[in-house]
Amino acid sequence: MTASSSADYIGIQECRGCHEDAAASYGASLHGQKGFTQKSDHACEACHGPGGDHAAAGGDASTITSFSKKTRSAGNAACLQCHEQGAVMHFAGGIHDARKVSCTDCHRIHHPGQGAELLKATDEIALCLTCHHTMRSDLMKASHHPMREGKMTCSDCHNPHGSTTDALVAGDSINDKCYECHAEKRGPFLWDHVPAREDCTHCHDPHGSNHQRLLNARVPYLCQRCHSEPRHPGTLYDASNVNTRAIYNRACLNCHATVHGSNHPSGQTFMR
Ligand code: HEC
Ligand code: HEC
Ligand code: HEC
Ligand code: HEC
Ligand code: HEC
Ligand code: HEC
Ligand code: HEC
Ligand code: HEC
Ligand code: HEC
Ligand code: HEC
């Protein structure tokens, strides 16, 4: 962890002697309070590594794990000693890790922001937006999940540490995540609409949209991305009518109302 070959631990009292402020903020912190190392003399060195050489040198920064960008991997490794399980399990090799986003880009140990989870920023959304700026405009769109209202946050859908699903989605699949809160869309349906079964984001943008209901595009254009020329039977209505009607409000949905799937015996075209 340090450039030194020495593994001599010197103990918290020694550190405190030269780092009164850091010792005080540590003592007041969750780690200090939860006492995971308080019983041990090696509280500081659990994260910063053995400090023998550092103290002997009178405090040379290169002799201690300092969590600066330069020692990033040493820093993550120090945290992962205790946090390799649970929520953080898939960190190594995940997209944030791969892009050199480290624990201390999101967390602060000595002087965290208010709120839970030792986050660096005042709240989670503010934290994420410091790097994902372009998402800010999505959240402001007319149709949105209630994130800006403070009722939902990014980690309701994402695990920022890593996951086994694309885009750090915290579920077995995107759809499984959506079903957690929109259970009625899970079915089972007698008649599945293939894209809804496959991936909700074929039609919805979970971050925000200027079309109603978080839709990626307006109906009928949304439907026409996949159904360029529906073969509508002329006996039921004039086919040329479809395009005319399509420009009105609900367009295709006037007739095909159960677009997520149908349980009606004759619902194979999602009209009931
Ligand atoms: C749980 C891990 C952890 C423990 C325990 C810990 N530190 Fe830190 N320390 C960090 C991290 C991470 C930083 C980088 C800044 C931050 O996150 O607050 C840091 C920063 C520092 C700094 C740089 C100046 C500053 O305040 O930001 C000093 C000095 C320091 N720690 C000393 C100590 C001392 C002394 C102790 C024991 C009393 C201690 N640390 C315990 C993780 C830890
Ligand atoms: C003899 C006094 C002394 C002792 C004992 C000492 N330090 Fe330091 N430490 C310093 C000085 C001085 C610096 C500043 C070095 C610099 O800025 O180049 C420093 C730097 C650091 C840094 C890097 C801060 C930064 O800004 O990157 C950390 C972390 C740190 N010390 C932790 C510890 C820990 C943990 C202990 C106990 C194991 C400890 N120190 C013991 C004097 C000491
Ligand atoms: C020696 C073991 C150890 C090390 C090293 C360690 N932690 Fe912790 N950490 C703990 C314990 C114990 C808790 C308290 C867990 C609890 O309350 O359930 C904790 C709590 C946390 C929490 C808050 C969890 C919550 O529920 O609010 C975060 C975030 C965290 N640690 C991040 C870090 C980071 C970042 C590092 C590296 C800079 C680190 N930890 C290093 C043991 C450790
Ligand atoms: C991209 C930002 C980000 C990075 C990088 C990050 N975290 Fe977190 N961490 C969060 C957020 C946000 C939460 C709270 C929401 C959650 O639990 O997912 C959290 C929660 C935690 C918790 C509490 C989890 C629980 O059980 O509820 C621990 C422990 C933790 N982080 C440790 C780490 C460690 C260790 C690293 C580095 C290996 C790390 N984090 C890297 C953003 C991050
Ligand atoms: C309702 C669930 C949900 C919420 C809440 C959510 N996301 Fe997502 N996010 C997803 C899904 C699903 C994907 C993958 C499909 C896609 O790209 O639309 C994704 C993809 C992403 C991507 C990668 C692709 C892209 O669009 O750039 C980023 C970055 C992202 N989310 C960041 C965030 C941030 C930051 C927040 C909080 C402000 C957030 N997400 C809130 C579900 C969500
Ligand atoms: C320090 C900067 C930083 C912070 C803070 C940060 N991210 Fe990221 N995130 C990145 C980078 C870099 C990537 C790689 C892709 C890219 O370049 O956009 C990324 C990618 C992602 C992706 C896309 C994954 C994929 O497979 O496409 C998601 C989702 C994501 N971040 C969510 C979050 C969430 C949620 C938070 C807040 C808890 C967060 N990020 C905080 C830098 C950051
Ligand atoms: C943590 C719970 C949660 C998760 C997970 C979730 N949602 Fe939502 N969703 C909500 C809430 C809350 C609302 C707002 C309901 C309201 O205002 O009545 C909502 C509303 C919606 C709406 C309607 C928006 C509108 O303008 O009426 C759509 C569409 C939607 N979600 C799609 C998704 C998709 C797709 C996913 C998966 C990527 C998803 N949701 C995941 C909680 C969630
Ligand atoms: C083929 C496109 C399509 C797919 C795929 C799709 N939806 Fe929808 N969704 C729509 C349309 C169109 C509406 C608006 C319906 C209306 O206004 O009557 C809607 C509305 C919604 C609403 C709000 C109104 C309501 O019915 O509750 C939620 C929530 C929702 N969808 C969730 C989901 C979830 C979860 C998935 C994935 C299982 C999904 N959608 C997949 C097209 C789709
Ligand atoms: C991402 C592509 C996609 C989108 C967008 C989409 N669909 Fe579909 N739809 C399909 C597929 C694939 C099938 C199954 C076709 C088959 O079995 O031949 C299907 C089937 C249907 C069927 C039943 C066809 C049959 O013969 O059983 C109807 C009706 C339908 N879609 C209406 C809609 C409407 C209305 C919308 C817009 C709200 C829409 N679709 C959006 C891909 C899509
Ligand atoms: C006025 C009512 C009405 C409107 C509006 C309408 N449809 Fe249909 N659609 C039907 C009827 C009726 C059928 C045939 C049902 C059957 O055979 O049971 C059908 C069949 C379909 C089929 C399955 C047969 C095929 O052609 O593959 C698709 C796909 C479809 N419609 C898509 C659309 C799309 C996309 C829109 C909007 C652009 C739309 N419909 C608008 C009534 C309508």
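Student: Is H54 buried or exposed?
Tutor: This is a predicted model, where local features need pLDDT of at least 70, side-chain atom pairs count only at pLDDT 80 or more and totals for chains, interfaces and linings use all residues, while side-chain values use heavy atoms without hydrogens and water. Residues are numbered from 1 along each chain as written, chains are lettered from A and ligands numbered from 1 in written order. The relative accessible area of H54 is 13%, and the cut-offs (1.4 Å probe, protein chains only) are under 20% for buried, over 50% for exposed and partly exposed in between. H54 is therefore buried.

Student: How far apart in the chain are H19 and H54?
Tutor: H19 lies in the loop between α1 (12-18) and α2 (20-28), and H54 in helix α5 (residues 52-56); helices (H or I, at least four residues) and strands (E, at least two) are DSSP runs numbered from the N terminus. H19 is partly exposed, with 41% relative accessibility. The pair links distant parts of the chain, the separation being 35 residues.

Student: What is the arrangement of the six donor atoms around the iron atom of ligand 4?
Tutor: Six donors count as octahedral if opposite donors are over 155 degrees apart and all others between 65 and 115. Around the iron atom of ligand 4 the angles run from 89 to 179 degrees. The arrangement is therefore octahedral.

Student: Which protein donors does that iron atom of ligand 4 have?
Tutor: Both lie 2.0 Å from the iron. One sits in the loop between α8 (103-106) and α9 (124-131), the other in the loop between α10 (135-139) and α11 (174-181), 54 residues apart. They are the NE2 atoms of H107 and H161.

Student: How many residues surround ligand 5?
Tutor: The shell takes in residues with a heavy atom within 4 Å. M135, C154, C157, H158 and H207 are the closest. A nitrogen atom of ligand 5 lies 2.8 Å from a polar side-chain atom of H158, and a nitrogen atom of the ligand is 2.8 Å from a side-chain N or O atom of H207. The number of residues around ligand 5 is 16.

Student: What distance separates H256 from a nitrogen atom of ligand 10?
Tutor: H256 is among the nearest of the 16 residues around ligand 10, along with R231, H232, C252 and C255. A polar atom of the H256 side chain lies from that nitrogen at 2.8 Å.

Student: Which residues does S102 contact, leaving aside neighbours within four places in sequence?
Tutor: S102 is in the loop between α7 (95-98) and α8. At 7% relative accessibility, S102 counts as buried. Contact here means heavy atoms within 4.5 Å. The residues are K69, R72, N76 and F91.

Student: Against which helices do the buried residues of α9 pack?
Tutor: The residues of α9 that are buried include E124, I125, L127 and L129. The helices they pack against are α8 and α10.

Note on methods
Polar contact = N/O pair within 3.5 Å; in protein donor to acceptor, adjacent residues only side chain to side chain. Donors = N, O, S within 2.8 Å, 3.2 Å for Na, K, Ca; no water. Tetrahedral: all angles 85-135°; square planar, octahedral: opposite > 155°, others 65-115°.
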